[in-house]
Amino acid sequence: LRPLPWSATEVRNIADAYSANNTVYIGTEATEERAKSVPDDTRFLHFATHATLDPFDPLDAAVVLSLPSTDGQTSSRLSNDNGFLQVWEIYEDLRINAELVTLSGCETALGSGYFGETPVGDDFVGLTRAFLHAGSRTVLASLWEVDDRSTLDLMRSFYQHRDDRGPASALAEAQRSKLA
């Protein structure tokens, strides 16, 4: 996975827009354990990172996070922390009450059966479905590869319009602003 030099700036810009009671984890602070311990009052959960897709085992698709520190203090939950917040873990371990989960990374909306590489079951399995199951009211994700620098601008614009409009209108306005 290639570095994402603009992802930290993206996250900090969003945090600055919502300065009241936010917590930001960047780099080695952004661990699977922290992602699984999201407070109940979290309104927005934003991941600016890579994601993986396993077309043959869609429950192994994941948001890529940092490995836990090796300070010798390993809880039983951290023992399963491999730096990948996988779909099956979101289904099992994550309960959130967020208005919005943003998966700001390449192809984060893909899942099993999308391109016919695996048989489709009753449901589309992927990160989007997992976060909806975990309790998010809305998930913003991408079907395509995205440029790290351009995504910074798109996300900044999206969150600027987010409070005036619903997420779909805010995204459309952010996309239009990128065309200008």
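Visitor: Are helix 5 and helix 6 parallel or oblique to each other, and why?

Guide: Happy to walk you through it, and bear in mind that this is a predicted model. Helix 5 covers residues 148-162, helix 6 covers residues 167-179, and they pack at an angle of about 135°. Angles over 145 degrees would count as roughly antiparallel and 65 to 115 as roughly perpendicular, with the rest being oblique. The two helices are therefore oblique.

Visitor: In which hand does helix 5 pass helix 6?

Guide: The axes of helix 5 and helix 6 lie 8 Å apart. As for the hand, the crossing of helix 5 past helix 6 is right-handed.

Visitor: How do the residues of the contact of helix 5 with helix 6 divide?

Guide: Helix 5 brings residues including Asp153, Leu154, Phe158 and Arg162, while helix 6 brings Ala170, Leu171, Glu173 and Lys178, among others. Sorted by kind, the residues of this contact come to six nonpolar, five polar and four charged.

Visitor: Which element gives the largest share of the largest nonpolar core?

Guide: That core has 23 residues, and Phe47, Ile96, Val101 and Phe131 touch the most other members. Strand 1, helix 3, strand 5 and helix 4 each give two or more residues to the core. The largest share is four residues, and it comes from helix 4.

Notes:
Residues are numbered from 1 along each chain as its sequence is written. This is a predicted model: local features need pLDDT of at least 70, side-chain atom pairs count only at pLDDT 80 or more; totals for chains, interfaces and linings use all residues. Side-chain values use heavy atoms; hydrogens and water are left out. Axes are lines fitted to C-alpha atoms, for helices over the stretch in contact, and angles run from 0 to 180 degrees between N-to-C directions. Angles under 35 degrees count as roughly parallel, over 145 as roughly antiparallel, 65 to 115 as roughly perpendicular and the rest as oblique. A crossing is left-handed if the near helix is turned anticlockwise from the far one by less than a right angle, and right-handed if clockwise. Contact means heavy atoms within 4.5 Å. Ala, Val, Leu, Ile, Met, Phe, Trp, Tyr, Cys and Pro count as nonpolar, Asp, Glu, Lys and Arg as charged, and the others, Gly among them, as polar. A nonpolar core is a set of buried Ala, Val, Leu, Ile, Met, Phe, Trp, Tyr and Cys residues joined through side-chain atoms within 4.5 Å. Buried means under 20% relative accessible area, exposed over 50%, partly exposed in between (1.4 Å probe, protein chains only).
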